[in-house]
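Please open the structure in your viewer and keep the selection panel at hand.

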Amino acid sequence: MTYTDEPVLVKPARRWSAKVIGGIALVLVTVGGVLSVPLYQNHVEDAAQRARRGDHKGALYNITINDAPHALELGWIAPAFSAALSPAPENGTTLDVSGDFGRETLTWNADKKCFGPGAARLNPYAHQKVKLTLRRGGRVVWSDTLWLYGVPAGHED
C-alpha cells in the first residue's frame, strides 16, 4: 500500500436538494394562494364602498359614446340587472351584457328609463365583472368590461 501527501479534494455535499427546494416552493405557492383570496375579496369590497352610486343603488360610471359624455349606472330593478344611461340612447339601441350569470341582450325601457330589467336574477350584494356592449342598428358604439358592484354592507335602504 502506498501513501501520498497529496490532498484529496472532496466535493462538498449539496446544501439544498431539488426536492427540498421544490417542497418549499409548493408550500409558498399554496400559502400565497390561500391568503390571496381574502385579500382580493377585501380589495373588491373596498372598491364597492368607494364606488359612486346612482338612483338604482348601482355603480355609476362616466363613459363616452360618439364623443359625447354619458353616465352609465349598473344596478337593479327588483332582483334583476338593469343599466341606466343618461342621456337616454336613441331608439333601437340595445345593450349586450355577459357575466357569470350568462349573456343577455337588453332593450331600452322608456318607462323605467333603463336597459332591462334582465331575466337573470342577481344577488344585489354580490360583486362581479360584466362585459357590456352597446349597439345601435347592429353597430357597436361602445364596449367595456366594468364591475357590477353590489350594494355595500350597511347601506341597505
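How far apart are the mean positions of the positive and negative charges of the protein? The 17 positive and 15 negative charges have mean positions 4 Å apart; Lys and Arg count as positive, Asp and Glu as negative, while His and the chain ends are not counted. Each charge is placed at NZ of Lys, CZ of Arg, CG of Asp or CD of Glu.

This is a predicted model, in which local features need pLDDT of at least 70 and side-chain atom pairs count only at pLDDT 80 or more, whereas totals for chains, interfaces and linings use all residues. Residues are numbered from 1 along each chain as its sequence is written, and side-chain values use heavy atoms, with hydrogens and water left out.

Display the whole chain first. Its C-alpha atoms fill a box of roughly 105 × 40 × 25 Å along the principal axes.

Next, colour by secondary structure. The protein has one helix and eight strands, in the order α-β-β-β-β-β-β-β-β; these are DSSP runs, with helices (H or I) of at least four residues and strands (E) of at least two, numbered from the N terminus.

Now select Leu72, Leu74, Phe81, Leu132 and Tyr149. Within the largest nonpolar core, which has 29 residues, these touch the most other members. Such a core is a set of buried Ala, Val, Leu, Ile, Met, Phe, Trp, Tyr and Cys residues joined through side-chain atoms within 4.5 Å, buried meaning under 20% relative accessible area with a 1.4 Å probe, protein chains only. Select β8 (139-148), which gives the most to this core, with five residues.

Technical notes. Buried < 20%, exposed > 50% of the residue type's maximum accessible area, 1.4 Å probe, protein only.
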